Amino acid sequence: MAKAIHMMVRVLDLDRSLRFYADALGLDVADRLDFETFTLVYLRNGENDFEVELTLNKGRSEPYALGDGYGHVAFCVDDLDAEHARMTAAGIGPQPVKEFFRDGTLLARFFFIQDPDGYKIEVLQRHGRYR
């Protein structure tokens, strides 16, 4: 059986991205691998062992074109409203909280944020299938 272990995003400013992922999602550096032309930094927290891999291609100065194919990555939290307030106070700029219903039943409560390179991140209330 396959196990999801990480997702990767390319970043332009590694320090800025490290601050964002620590402040927004509580992700800390689990490993850093520095090579001649690129650096890989793996981020995680105590919730599980799934990681976000930040890839910095050295010498690049132009932002990456995200295209129209990237969707988002999702994280769930225990208290969505508290996280929304915390991120607002921290200047992270979360979008408004939304509720998604199906057949009159709440399926999800969530909001979106964007990392410094424009990648969308969904933050969901821990509920139902989102555990």
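**Exercise 1. Is arginine 109 buried or exposed, and what is its relative accessible area?**

Before we start: this is a predicted model, where local features need pLDDT of at least 70, side-chain atom pairs count only at pLDDT 80 or more, and totals for chains, interfaces and linings use all residues. Residues are numbered from 1 along each chain as its sequence is written, and side-chain values use heavy atoms, with hydrogens and water left out.

Step 1. Arginine 109 has a relative accessible area of 17% and is buried. The cut-offs: buried is under 20% relative accessible area, exposed is over 50%, and partly exposed is in between (1.4 Å probe, protein chains only).

Step 2. Now look for its partner. Arginine 109 makes a salt bridge with aspartate 81, and the closest N and O atoms are 2.9 Å apart. A salt bridge here is a side-chain nitrogen of Lys or Arg within 4 Å of a carboxyl oxygen of Asp or Glu.

Step 3. Arginine 109 sits in strand E7 and aspartate 81 in helix H2, so the pair ties together parts 28 residues apart in sequence. Helices (H or I, at least four residues) and strands (E, at least two) are DSSP runs, numbered from the N terminus.

Step 4. Aspartate 81 counts as partly exposed, at 42% relative accessibility.

**Exercise 2. Work out which residues of helix H2 are buried, and what covers them.**

Step 1. H2 spans residues 80-89, and Leu80, His84 and Met87 are buried there.

Step 2. These residues cover an arc of only 70° around the axis, which puts them on the same side of H2. The arc is taken from the directions from the helix axis to the C-beta atoms.

Step 3. The cover includes helix H1 (14-25) and strands E5 (73-77), E7 (105-114) and E8 (120-125), with contact meaning heavy atoms within 4.5 Å.

Step 4. Check what follows the helix: just after H2, glycine 91 has a positive phi of about 80°.

**Exercise 3. Trace how E6, E7 and E8 pair.**

Step 1. Strand E6 (residues 98-102) and E7 run antiparallel, joined by five bridges. Two strands pair if DSSP finds at least two bridges between them.

Step 2. In this pairing, glutamate 99 stands opposite arginine 109 in E7, the buried residue from Exercise 1.

Step 3. The hairpin of E6 and E7 has two residues between the strands, and aspartate 103 takes a positive phi near 55°.

Step 4. E7 and E8 also run antiparallel, with five bridges. Phenylalanine 112 has glutamate 122 in E8 as its bridge partner.

Step 5. That hairpin has five residues between the strands, with glycine 118 at a positive phi near 95°.
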